[in-house]
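Subject: Structure handover

Hello,

Please find the structure below. My notes on what was found in it follow.

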4 protein chains.
Amino acid sequence: MRVTEMLRRDCDHIWDRIMEHPFVLKLYDGTLPEENFRYYILQDYNYLIGLMRCMCVIASKSDAKLMQKTLALAQSEATTELENYQKMLSAMGLSIEDAISAEPAPTNVAYMNFLLSAAYTKSPIEGLTALLPCFWSYVEIAERNKERLKNNKNEVYRAWASVYLDDGAKKLVEDLRAPVDSIESYSDAKEIFTTASRYEYMFWDMAYNLERWML
Amino acid sequence: MRVTEMLRRDCDHIWDRIMEHPFVLKLYDGTLPEENFRYYILQDYNYLIGLMRCMCVIASKSDAKLMQKTLALAQSEATTELENYQKMLSAMGLSIEDAISAEPAPTNVAYMNFLLSAAYTKSPIEGLTALLPCFWSYVEIAERNKERLKNNKNEVYRAWASVYLDDGAKKLVEDLRAPVDSIESYSDAKEIFTTASRYEYMFWDMAYNLERWML
Amino acid sequence: MRVTEMLRRDCDHIWDRIMEHPFVLKLYDGTLPEENFRYYILQDYNYLIGLMRCMCVIASKSDAKLMQKTLALAQSEATTELENYQKMLSAMGLSIEDAISAEPAPTNVAYMNFLLSAAYTKSPIEGLTALLPCFWSYVEIAERNKERLKNNKNEVYRAWASVYLDDGAKKLVEDLRAPVDSIESYSDAKEIFTTASRYEYMFWDMAYNLERWML
Amino acid sequence: MRVTEMLRRDCDHIWDRIMEHPFVLKLYDGTLPEENFRYYILQDYNYLIGLMRCMCVIASKSDAKLMQKTLALAQSEATTELENYQKMLSAMGLSIEDAISAEPAPTNVAYMNFLLSAAYTKSPIEGLTALLPCFWSYVEIAERNKERLKNNKNEVYRAWASVYLDDGAKKLVEDLRAPVDSIESYSDAKEIFTTASRYEYMFWDMAYNLERWML
């Protein structure tokens with residue numbers, strides 16, 4: 001069995017909860033209040049910056065080949081994904097300045113700093129392991145909720161979701177899984193993959209509850 | 001006014017809440033359930049490791065003089081403080097192995113990764129700014145609760161608290177404040193100091209609620 | 001006067017020597033032995049990898065805007081420049097595998113490790129300062145030797161040199177100079193710029209002497 | 001065979017040259033001109049700072065146990081070794097300020113930046129591998145030249161050399177070898193150990209030739 005298949009299976013209990021999270025279900029059937037989506041988009045824009053930062057650290061420690069791959073991934077986030085976000089933002093009546101000035105919520109900050117810390121203290125492949133649940137779970141969510149999406153009346157939500165049904169998104173997951181499959185220590189990888197999976201769940205939960213700092 | 005005085009004043013609203021947190025008050029008057037203290041000690045032991053890690057990153061980017069200072073600080077944490085923790089642990093019927101195997105709770109993980117990320121991405125002095133609220137607030141808590149401590153019947157709590165009334169603790173805070181006073185951008189420093197202060201509050205709250213991962 | 005103009009002027013004594021280095025003059029008039037160019041191309045390919053690594057570290061520590069700029073720069077090196085090198089290599093009867101397996105010479109290793117160390121220990125703008133002499137001196141060399149190039153009979157050398165006469169190359173230098181112009185400490189910047197300028201000179205000298213490890 | 005024994009044996013050709021370097025032989029028999037020793041001490045003081053920096057990076061990426069070991073090693077360099085250097089400096093009519101203001105020579109800079117780059121881009125154990133030749137070769141030099149030292153009339157040279165005959169120095173080497181023996185990829189370790197060994201040779205050579213920057 002592929003290492004990434006084992007990682008995915010060992011986190012079934014978390015991923016099941018991700019798939020069933022009300023934010024996810026309502027986003028796909030179109031019943032999610034726009035306030036929640038607006039909050040999500042603003043947070044996710046900032047998360048994307050953190051993701052790119054993490055990819056830069058990983059690239060900087062990789063051999064020439066993996067460095068080029070990771071750099072290309074970061075650059076595609078910096079262009080395609082950020083462009084996509086700009087469209088989403090404007091469809092929701094928000095500007096890029098709103099996104100930049102939005103304060104990252106506690107769970108978002110914790111997730112970004114976890115990614116950066118993993119990238120800095122661990123090996124490049126362990127760093128990629130931390131990134132994997134984000135890309136992978138979005139594709140799995142999209143596949144599982146294809147039917148639900150058909151009846152979704154919210155154009156913006158449909159546009160948002162369609163990105164993760166794309167072959168490009170699936171290929172990206174495969175590109176990330178390949179190096180992780182060659183990881184040396186399974187137990188270390190499992191710890192990293194589990195924490196990242198937990199943060200994926202918590203991120204949806206944050207957006208569902210419009211999380212704010214306590215003080 | 002010293003930069004660190006301004007930082008402290010600008011975070012009054014957070015520090016007031018730290019000073020009044022029930023965990024803090026009950027710890028000082030001796031009414032804190034031992035379950036909470038046990039939880040706290042196990043988490044704080046792990047936090048101390050994260051703190052040392054952060055100091056190592058800061059030292060590695062500093063000029064020779066500041067590197068030596070930061071290194072000495074890290075080494076004193078690694079010896080005096082860890083020894084102190086070993087005493088606390090055994091007084092609470094816990095071993096060092098219990099501490100090592102204890103899973104860091106979400107708020108603890110978030111705080112440690114914030115410190116490490118600040119140390120890695122920012123200047124050495126901004127890194128020290130992130131460390132300051134931890135050391136400083138413990139000394140301020142100790143001073144404000146001196147009277148409360150006198151009636152504390154719990155020997156372990158009294159022993160724990162006495163460390164922060166010590167001149168050594170006060171000197172440490174002064175040693176950290178000195179470089180931070182020379183910081184270049186006040187607004188960046190304020191953001192860092194604020195986030196660290198928030199985490200200090202959240203850390204007490206975590207221990208009061210025996211926080212666990214959602215899943 | 002712009003900070004980068006001061007830096008350039010304060011390194012006149014080094015840049016004059018760069019401009020007059022026999023490797024440079026012979027490369028532009030076409031009299032450079034192909035053995036030297038072959039050596040140079042193999043070393044420079046590896047240097048390019050080191051340059052990209054350094055850009056990744058700088059990007060990882062920058063704010064969102066500078067991160068995106070630096071990332072785009074790294075990605076353009078990873079695509080346009082590496083492609084250009086593949087053409088050069090094949091024109092010289094060498095393959096990409098030859099380049100990958102070529103052992104970096106002492107001066108090349110020293111230069112790459114200097115860039116990486118500066119990127120890791122210093123601020124992002126100081127990191128960019130370390131990169132500047134490489135990009136800038138190539139453009140200045142090209143401008144100063146335009147006439148010489150006209151009589152160059154070596155097609156490969158002419159193709160190589162034409163890249164640095166391009167407006168794209170000039171714009172790149174300007175893009176790098178802009179953030180460096182806003183640097184905080186001139187004396188620190190000068191030290192970094194001077195060391196990088198020295199390494200530029202030493203790199204040409206290394207290629208002229210076909211430098212090898214002593215043992 | 002222990003991994004470190006293999007590494008040592010595979011670098012025989014370099015270590016033989018280190019053992020026979022005229023700087024080393026003359027230092028041990030007392031015939032080394034004081035100008036060379038003065039130069040060496042000033043450079044080595046700066047190298048020590050670079051060594052500590054490298055240890056901090058390694059510590060910051062290590063698990064709790066290895067972090068504490070590496071931190072203790074860095075702190076012992078920062079105290080015992082630096083003190084030792086202060087004695088040496090003053091015996092040679094130099095002050096600590098002379099050492100701080102001495103410009104690191106090219107080989108010294110290259111060696112320090114190699115160590116830092118290895119510590120940053122590689123695993124903690126690979127970082128320790130880069131440090132090993134320095135500590136180990138000094139002890140081997142001391143053992144091989146014990147007899148030569150007996151006739152050494154230069155008190156300062158004798159005092160300097162006696163440090164590396166000490167059991168503490170031997171124990172330090174053993175403490176460093178232990179983690180390196182558990183390294184995962186021998187070929188990567190060999191490359192690192194070889195480069196560090198080369199730099200050890202080049203460092204003696206630098207001091208013998210009073211190396212300066214070309215311009």
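One definition is needed before the rest: a residue is called buried if 20 or more other C-beta atoms lie within 10 Å of its own, exposed if 12 or fewer do, and partly exposed in between, with C-beta atoms placed from the backbone. This is a predicted model, in which local features need pLDDT of at least 70, side-chain atom pairs count only at pLDDT 80 or more, and totals for chains, interfaces and linings use all residues. Residues are numbered from 1 along each chain as its sequence is written, and chains are lettered from A and ligands numbered from 1 in the order in which they are written.

Chain A overall

Chain A has 12 helices and 0 strands (helices are DSSP runs of H or I with at least four residues, strands runs of E with at least two, numbered from the N terminus). The C-alpha trace of chain A spans about 45 × 35 × 35 Å along its principal axes. Its radius of gyration, taken over C-alpha atoms, is 17 Å, which agrees with the value near 17 Å for a compact globule of 215 residues. The globule rule here is 2.2 Å times the number of residues to the power 0.38. Of the 215 residues in chain A, 48% are buried. Two residues are in contact if their C-beta atoms, placed from the backbone, lie within 7 Å. Among the contacts in chain A with a separation of 6 or more, 82% are between residues 24 or more positions apart.

Helix α2 of chain A

Helix α2 covers residues 12–19 of chain A, and I14(A), W15(A) and I18(A) are buried in it. Seen down the axis of α2(A), these buried residues fall within an arc of 95°, so they line one face of the helix; the arc is that of the directions from the helix axis to the C-beta atoms. The buried residues of α2(A) pack against α3 (22–29), α8 (124–144) and α12 (186–208) of chain A. On the face turned away from the buried side, α2(A) carries the exposed residues D12(A), H13(A) and D16(A).

Chains A and C

In this interface, 16 residues of chain A are in contact with 16 residues of chain C. On the chain A side, the elements giving two or more residues are α4 (34–61) and α5 (64–91), and the largest share, 8 residues, comes from α5(A). By class, that side has 12 nonpolar, 3 polar and 1 charged residues. Ala, Val, Leu, Ile, Met, Phe, Trp, Tyr, Cys and Pro count as nonpolar, Asp, Glu, Lys and Arg as charged, and the others, Gly among them, as polar.

Chain A is superposed on chain C by a rotation of 180° with 0.0 Å of shift along its axis (RMSD 0.0 Å). That is the relation of a two-fold axis.

Chains A and D

This contact takes 4 residues from chain D and 4 residues from chain A. The chain D side has no nonpolar, 2 polar and 2 charged residues.

Regards

Note on methods: Copies are superposed by least squares on the C-alpha atoms of residues with pLDDT of at least 70 in both.
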